[in-house]
Amino acid sequence: MAVKNFVVASFSDEAVLFPAVKKVRTAGYKIHDVYTPFPVHGLDHAMGLRETSLHTAGFIYGITGTTTALSCMSWIFNSDWPMNIGGKPHFPLPAFIPITFELTVLFSAVGMVLTFCYLCQLAPFVKKHIFNPRQTDDLFVMAIEVTAKTNAEELKTFLASIGGQQINEQRVEAGWWFGRFDREDRLFENKGVEAVNA
């Protein structure tokens, strides 16, 4: 992962945040992420994020569970251990329905949870930089990546004009790394984090 520069601004209200996000995107700046203390309906569309494909993954996992259940039971009763039980067929589909349903739900649920954790980079000992300690408390925090074409001072002035507060520039690790939040030491020493206050 690379260390990048970000200009970070805080907003006290979502009514100020929404127009600010639209103005930042219209101005051509690259929004790294917006952190909110609670889910804000419509913010993903305002940021230009595409819809999640988690439901498609859930369908694929469900079909995999259904196929696994039917294939396994068919193989057991027809090939591995065929038994003639009262002249009943070797493929009694009504008897297979409960196990098929259970495996479909199991594969779908577990697969969607693991996919969600992967997409959100959630795992034990995975640490990401916190731009503002109040970003999950009572502030809405917008982090904008400073690229080669971005003038940081102009960006700070622009954010102040659209309602941004506590505006500062930070040079931090853009991705995640292994570590703990209760202490400063990190497993990888080259993953440095430094903040440059405006």
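**Exercise 1.** Which element supplies the largest share of the lining of the largest pocket, and how many residues does that share hold?

*Solution.* Begin with the pocket itself, which in this predicted model has a volume of about 1600 Å³. Its lining comprises 36 residues, and those closest to the pocket centre are Asp33, Tyr35, Leu119, Cys120 and Lys128. Next, list the elements that give two or more residues to this lining, namely strand E2 (30–35), helix H2 (43–46), helix H4 (93–119) and strand E3 (126–128). Of the contributions to the lining, the largest share comes from E2, with five residues.

**Exercise 2.** Describe the lining of the largest pocket by residue class and by domain.

*Solution.* Sorting the lining by class gives 19 nonpolar residues, together with nine polar and eight charged ones. Turning to the domains, at least three lining residues come from domain 1 (4–52 + 127–197), and at least three from domain 2 (54–119).

**Exercise 3.** Characterise the chain as a whole, from its elements to its contacts and its surface.

*Solution.* Start with the elements: the chain contains five helices and seven strands, and when it is read along the sequence these follow the pattern β-α-β-α-α-α-β-β-α-β-β-β. Then take the contacts between residues at least 6 apart in sequence, of which 77% join residues at least 24 apart. Burial comes next, where, taking buried to mean under 20% relative accessible area, 32% of the 198 residues in the chain qualify. Finally, the chain exposes about 12700 Å², and 62% of this area is supplied by carbon and sulfur atoms.

Key:
Residues numbered from 1 in each chain as written. Predicted model: local features only at pLDDT ≥ 70, side-chain atom pairs only at ≥ 80, totals over all residues. Heavy atoms only, no water. 1 Å grid on protein atoms, 1.4 Å probe; cavity = no way out; pocket = protein on both sides within 12 Å on 5 of 7 lines; lining within 4 Å. Points joined across faces, edges and corners; volume = space filled by probe spheres on them. Helix = DSSP H or I, 4+ residues; strand = E, 2+ residues; numbered from the N terminus. Nonpolar A, V, L, I, M, F, W, Y, C, P; charged D, E, K, R; others polar. Domains from an automatic or database assignment. Buried < 20%, exposed > 50% of the residue type's maximum accessible area, 1.4 Å probe, protein only. Contact = heavy atoms within 4.5 Å. Areas by Shrake-Rupley, 256 points an atom, 1.4 Å probe, with all protein chains shown as cover.
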